[in-house]
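My entries follow in the order in which I made them.

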Amino acid sequence: MNPYLDRQLMARAIQLARQGIYTTSPNPRVGCVIAHGETIVGEGYHVRAGEGHAEVNALRQAGAAAKGATAYVTLEPCSHFGRTPPCAAALIQAGVARVVSAMGDPNPQVNGRGIAMLNEAGIATEVGLLENEARALNPGFIKRMTTGRPWVRVKLAMSADGRTAMRSGESQWITGAPARQAVQRLRARSCAVVTGIGSILHDDSALTVRAAELGLANAEQVAERQPLRVVLDRQGQLSPNARILQQSGRTLWMTTSDAERSGAERVAAQLSEASIDLAWVLDYLGQQEQCNEILIEAGAVLAGGFVAAGLVDELVVFMAPTLLGSHARPLVELPLEAMAQQQRLELTDVRQFGDDLRLTYRLAQRG
């Protein structure tokens, strides 16, 4: 065993897994490399739910050469029958000698059982190589399997002075085309896009993934899987003519209204005081809709509501090199009165898109 070679081949498996970033939901993104020493005999990644898993695709490519080889997998091979047979059984049948997994599977149906199955068949196993990189592939799947809720990502666009729109609500466009293309890719990787009725009434947004704006080689294939669109509308103000209702794919209308809207699936919303219970929204999307990652694209009030409730995992802020002035609308509405109440952020990534910066933050734990 060569530790450097093991890392190199696991890094390749992680690279393969990233190719499924837009298409695998609700399944995790997984890659697999099968090799004899430095010689790779099979590669594969999970493309979409219901189709072959990464191990099966790599074994198909390797054929008889898989016997006696080492399999490098970014996630513990599954041990249960779902829409496809268990991958641990396929590896055993192929005669691999060793399986290296970047991390265990947080799915309670697996969670060590895949490794146990391999060990019982006499196959050597290792777990934990490049685990942080592997976990970064699937923040939503890991969170849903362990908490029942999806990973919550809030997207915001602001001026250099922290404003999102003029006092009138006019906001198109603060950022340039490259930044808006990056937003399309955020939508495409999300299982659901959540917004509030205020944004729909003002902007009449479609909240779709548009192939022409993705900037991806496989843009048409990616755009085929439209994320679930979710409108939070306590009073039932959604217009029957709203653009969001005219799009392909599904729209959930979470409301207390008894009315119906063609093009929307009405969901009876649970309330917390006078507003829709945002924690209930996450429970519903995670448990009823199997959403791994959701993107909040909303105004300052709803975005601030998710932050204030401690429900946000990641803030993605696009900052444009412009000033909108003191009368313009703030980034988020947060009822903070003292410095002790401030919400600290951890900057995890900075990238430039055209003239705009994308700042990615994790929310630090309060206290």
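Predicted model: local features only at pLDDT ≥ 70, side-chain atom pairs only at ≥ 80, totals over all residues.

**Entry 1**

I began just after H2, where Gly63 takes a positive phi of about 60°. Helices here are DSSP runs of H or I with at least four residues, strands are runs of E with at least two, and both are numbered from the N terminus. Residues are numbered from 1 along each chain as its sequence is written, and side-chain values use heavy atoms, with hydrogens and water left out.

Next I asked which residues of H2 are buried. I found Ala54, Glu55, Asn57, Ala58, Leu59 and Ala62, where buried means under 20% relative accessible area, exposed over 50% and partly exposed in between, with a 1.4 Å probe and protein chains only. The cover over these buried residues includes strand S1 (31–36), strand S2 (39–45), strand S3 (70–73) and helix H3 (87–94).

I then turned to Glu55, which lies in H2 (residues 54–62) and which an unreviewed UniProt entry annotates as "active site". UniProt positions are in the numbering used here, feature names are shortened, and annotations may be inferred rather than shown by experiment. Glu55 counts as buried because its relative accessible area is 3%. Leaving aside neighbours within four places in sequence, I saw Glu55 in contact (heavy atoms within 4.5 Å) with Cys32, Val73, Leu75, Pro77, Cys78, Cys87 and Leu91.

**Entry 2: the listed binding-site residues**

For "binding site", the unreviewed UniProt entry lists Ser171, Arg187, Asp203, Leu207, Arg210 and Glu297. Arg187 is classed as buried because its relative accessible area is 9%. Not counting residues up to four places away in sequence, Arg187 touches Val193, Leu207, Thr208, Val209, Arg210, Pro227, Leu295 and Glu297.

Is Arg210 buried or partly exposed? I recorded Arg210 as partly exposed, because its relative accessibility is 31%. Arg210 sits in the loop between helix H8 (197–203) and helix H9 (219–224), and, with neighbours within four places in sequence set aside, its contacts are Gln184 and Arg187.

**Entry 3: the two domains and the spaces in the model**

The domain assignment gives domain 1 (3–137) and domain 2 (141–363), with bounds that come from an automatic or database assignment. Their centres, taken over C-alpha atoms, are separated by 33 Å, and 17 residues of domain 1 are in contact with 16 residues of domain 2.

Grid points are joined across faces, edges and corners, and a volume is the space filled by probe spheres set on the points. The count came to one cavity of 30 Å³ or more, and the largest cavity has a volume of about 40 Å³.

Thr24, Ser25, Asn27, Arg29, Asn138, Gly140, Phe141, Asn292 and Glu293 line the largest cavity. Why do I place this cavity between the domains? Domain 1 and domain 2 both give residues to its lining, so the largest cavity lies between them.

The second largest pocket holds about 900 Å³ of space. Of the 26 residues that line this pocket, the closest to its centre are Ala136, Arg153, Arg189, Glu314 and Arg358. Helix H5 gives the largest share of the lining, five residues, and each of domain 1 and domain 2 supplies at least three residues.

**Entry 4: Arg243**

Last I looked up Arg243, placed in the loop between strand S9 (228–232) and strand S10 (251–255). Arg243 counts as partly exposed because its relative accessibility is 42%. Apart from neighbours within four places in sequence, Arg243 is in contact with Asp204, Ser205 and Ala206.

Methods
1 Å grid on protein atoms, 1.4 Å probe; cavity = no way out; pocket = protein on both sides within 12 Å on 5 of 7 lines; lining within 4 Å.
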